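Open the model in your viewer and keep the selection tool at hand. The stops below go from one contact to the next.

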Amino acid sequence: MTDKSITDFQQQALVLAGQQTSPDWLAGLREQGAELWSSAAWPSRKTEHWKYTPLAPLQKVGFGRWADVEADWQDQQEWLDIDATRLVFVNGVFHPEHSSELPAEVVRFGAAEGAARAVIEKHLGKVVDAEKHLFAALSNAWTSDGVLLHVPANQRLEKPLYVIHVSTATAEPATANQRLLLVLENGAQAEVIEHFVSGASEQNGFVNGLTEVVVGENAELHHYRLNLEEENILHVGGVHVDLQRSARLRAFTIAQGSRLKRIDYQVNHRGEGAELDLQGLYLPRNKQLIDYHTEIRHMVPHCTSKEVFHGIVGDSAKAVFNGRIYIHPHAQKTLAELSNKNLLTSNKAEVDTKPELEIYADDVKCAHGATVSQLNLTALYYLQSRGIPRAEAEVMLNFGFINELLQQVAQPAVRAYLGPRLAQLFSPNSELLRHLSYE
Amino acid sequence: MAEEQVENLIRKEYAAGFHTLIDSDTLPPGLNEDVVRFISAKKQEPEWMLEWRLQAFRAWQEMTEPSWAHVSYPPVDFQAISYYSAPKSMEDRPKSLDEVDPELLRTYEKLGIPLHEQEVLAGVAMDVVFDSVSVVTTFREKLSEAGVIFCSISEAVQKYPELIKKYLGSVVPQKDNYYAALNSAVFSDGSFVFIPKGVRCPMELSTYFRINEQNTGQFERTLIVAEEGSHVSYLEGCTAPMRDENQMHAAVVELVALDNAEIKYSTVQNWYPGDENGKGGIFNFVTKRGVAHTNAKISWTQVETGSAITWKYPSCILKGDNSVGEFYSVALTNNFQQADTGTKMIHLGKNTRSTIISKGISAGKSSNAYRGLVRMNPGAEGARNYTQCDSLLIGDRCAAHTFPYIESKNPSAVIEHEATTSKVSDDQLFLCQQRGLDAEKAVSMIVNGFCREVFKELPMEFAVEAGKLLEVSLEGAVG
């Protein structure tokens with residue numbers, strides 16, 4: 001690739017950006033995004049952040065148009081059983097019929113006026129560093145619709161916000177953009193669930209989903225990002241968070257499906273005493289590729305972060321994990337931990353993991369650990385010796401490996417939804433699942 | 001925190017800093033094909049060797065300097081370096097130590113390596129590289145009785161061309177990387193070791209390197225071949241005189257361990273790290289790699305305390321089934337030193353095993369990074385890796401990093417990686433002080449304890465030296 005020439009996909013994406021209509025006050029952000037997007041070098045194998053994740057599928061398919069809403073997607077969907085404010089987007093387009101009435105705290109960008117618009121202008125595109133995240137630049141360029149959640153100071157969002165993004169198969173490969181901005185003022189509390197699903201039939205879309213989060217002083221957010229699309233979809237996304245003083249973020253994410261799925265978590269501890277608890281699961285199978293990149297930046301003293309990711313990789317799938325902890329100078333008394341465990345269940349499966357520490361302060365305690373292996377043979381033997389058939393023992397151990405994190409999920413509806421679905425991944429035979437408990 | 005003590009530590013002058021005045025037969029700075037030809041001619045090398053160098057040189061011209069390491073330094077002007085220098089008194093080769101330039105001998109004495117004594121007492125054969133040319137090689141006879149070849153690489157090119165042709169570049173090819181290519185083109189000298197089938201080398205082999213000539217790059221080339229079932233332990237130690245200008249150093253070490261052989265390679269590196277303002281110091285860009293065939297074992301142990309810039313990743317390619325790779329490292333940086341060092345363990349064969357123990361200590365304004373790769377290829381059935389990287393921070397202006405790459409393509413392979421970073425804990429210090437130790441002694445004890453797992457892998461002679469080195473560098477460094 002020559003330096004200055006931009007790739008076909010970059011070109012197409014710019015054309016798509018031109019087709020989007022949006023409020024005038026978003027024009028600045030969009031232009032900046034387009035500028036960055038078109039001037040950026042397209043990632044190759046030598047680009048550190050994309051070393052193990054080829055973007056060839058994006059180039060090959062050619063996503064020349066925006067997706068439109070088509071029929072018969074409703075029947076295939078099963079959603080969380082939860083009393084929440086539900087927003088449904090189909091191929092990036094808001095679907096009012098299936099969505100709840102919006103409470104005062106939730107505003108769509110197009111309808112934002114006055115105070116809400118001021119909040120968007122203050123924060124949108126400011127949390128994410130689009131110079132470092134190529135697809136965030138693209139998201140900026142593509143911003144038209146989006147959702148703002150703004151919880152005023154010292155208030156609690158009554159019902160969880162449940163944002164569903166449905167992708168459906170379309171006649172030609174098509175593109176969808178998803179943008180979310182969550183702003184919790186000082187002392188506010190909220191729970192947000194992002195749920196990405198797709199119809200069971202052949203998928204061919206590309207989804208770019210970006211979430212920016214600001215958690216104010218002493219505020220607390222529970223955030224879930226469930227990426228449960230089917231086989232062939234391409235998904236690039238990110239969750240970018242600023243934590244103010246004594247803010248707390250408890251986050252859970254799961255990824256399954258997709259020929260290419262890349263999700264970035266960037267959490268900036270900007271105020272003293274901020275806390276992060278981030279847990280993740282990834283379960284690529286068949287020929288899927290799932291890539292999680294997390295970067296936790298400790299910029300001030302006295303913050304803590306705890307991060308645990310478990311992955312089970314089967315068939316010819318590939319998992320990539322990159323967990324970076326960055327401690328700025330003066331961020332003394334930081335406690336940061338990262339653990340990444342991987343199970344390989346097939347001869348053709350592959351895991352590439354890189355837990356990184358970059359530390360510029362001395363009075364800190366940081367640790368990371370990573371393991372890659374197959375199921376523990378001793379544990380298998382133990383179960384077999386207790387009369388449990390091998391196939392069932394394998395299912396139990398596989399499920400146990402992810403259930404370790406699933407059990408800690410705070411929202412019961414998420415637990416109840418994921419438990420049986422994930423168990424089925426390990427065996428379609430319900431006989432083998434009879435001893436599993438999902439609570 | 002005892003700021004003053006840290007300052008004291010930082011101000012500690014480089015103990016081995018002095019400069020020997022010997023006339024040198026030095027090439028003017030610059031690098032082109034003629035320089036390569038000159039070096040080759042000077043060493044009376046055969047045509048094939050020259051051709052090999054030229055291939056490397058041409059490849060090097062096409063390559064660009066790598067920039068991925070976590071170090072920063074002013075660009076190196078490769079045309080400002082002189083690529084050959086030899087002590088003048090080399091014109092007629094000394095037959096024994098008595099004929100050696102007395103100035104030279106005094107240099108070694110200052111460094112605490114009296115050759116005479118070592119010959120007799122330590123039982124260590126010395127292949128001394130004094131600026132590019134081997135000055136004297138001792139214990140040759142005793143080794144040759146066992147069939148062991150231990151000589152300078154230029155001598156090996158003359159005497160054992162078949163072995164050199166077969167193995168040189170077999171582990172680190174000419175085009176492997178920028179610095180390896182440069183080294184292949186202009187390597188001045190180095191050591192060649194050959195252990196025949198089933199022989200256990202009767203003594204530990206050792207080379208002391210010194211960089212002595214101003215503005216002279218040092219490009220050693222070391223090749224160790226251990227035939228089936230043989231065993232060798234090789235020691236390498238470095239120290240260089242004090243000076244202001246940066247010196248480039250790009251060495252290549254190749255190890256070949258054939259079936260059932262074992263090679264243990266130990267390094268103590270104490271090159272001039274630059275002064276307290278970050279001025280001067282050696283740039284150390286080293287490529288070290290070994291290939292282990294069936295049931296063979298390669299073990300790297302290193303204590304890195306010197307150099308302004310360290311770029312060094314001693315690696316093992318575990319090619320044969322059941323082969324074993326080990327990497328034990330202590331890397332200490334102070335003042336403005338920067339180190340980016342670690343290892344690569346490439347598992348190809350079945351039931352291959354590797355262990356990585358890395359201890360990084362950073363003080364002052366230095367930066368210390370561990371960068372490692374563990375790769376399980378599809379054929380690495382039942383392979384095993386254990387990695388532990390610990391970093392210790394002393395002072396709040398230093399930095400410690402860990403960049404481990406872990407790649408697995410075989411489900412039956414097991415990889416475990418752990419890393420921790422912390423400072424010398426106040427509790428530990430308090431405990432020691434409360435038992436009557438002064439703070440300095442306590443820190444020294446704690447740091448020594450921190451490095452113990454690595455030190456115990458070092459041969460006796462080196463273990464003592466290594467402990468001393470750390471003590472010199474860290475006295476008074478109370479976190």
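In which sense do strand β18 of chain A and β21(B) pair, and over how many bridges? Select residues 350-359 of chain A for β18 and residues 399-408 of chain B for β21. The two strands pair in the antiparallel sense, over six bridges; strands pair if DSSP finds at least two bridges between them. Helices (H or I, at least four residues) and strands (E, at least two) are DSSP runs, numbered from the N terminus. Next pick Val351(A), which stands opposite Ser408(B) in β21(B).

This is a predicted model, in which local features need pLDDT of at least 70 and side-chain atom pairs count only at pLDDT 80 or more, while totals for chains, interfaces and linings use all residues. Residues are numbered from 1 along each chain as its sequence is written, and chains are lettered from A and ligands numbered from 1 in the order in which they are written.

**Chain B against chain A**

Now show both chains. Chain B has 29 residues in contact with 30 residues of chain A; two residues are in contact if their C-beta atoms, placed from the backbone, lie within 7 Å. On the side of chain B, β20 (384-394), β21 (399-408) and β22 (414-423) are the elements that give two or more residues. That side divides into 13 nonpolar, ten polar and six charged residues. Here Ala, Val, Leu, Ile, Met, Phe, Trp, Tyr, Cys and Pro count as nonpolar, Asp, Glu, Lys and Arg as charged, and the others, Gly among them, as polar.

**Two helices of chain B**

Select residues 426-434 of chain B, helix α10, and residues 439-455 of chain B, helix α11. They pack at an angle of about 125 degrees, with their axes 9 Å apart. That angle makes α10(B) oblique to α11(B). Angles under 35 degrees count as roughly parallel, over 145 as roughly antiparallel, 65 to 115 as roughly perpendicular and the rest as oblique. Axes are lines fitted to C-alpha atoms, for helices over the stretch in contact, and angles run from 0 to 180 degrees between N-to-C directions.

To see the contact, show Gln428(B), Leu429(B), Cys432(B) and Gln433(B) on α10(B), then Ala439(B), Ala442(B), Met445(B) and Ile446(B) on α11(B). By class, six residues of this contact are nonpolar, two are polar and none is charged.

**Two domains of chain A**

Finally, colour domain 1 (8-391) and domain 2 (392-439) of chain A; the bounds come from an automatic or database domain assignment. Their C-alpha centres lie 23 Å apart.
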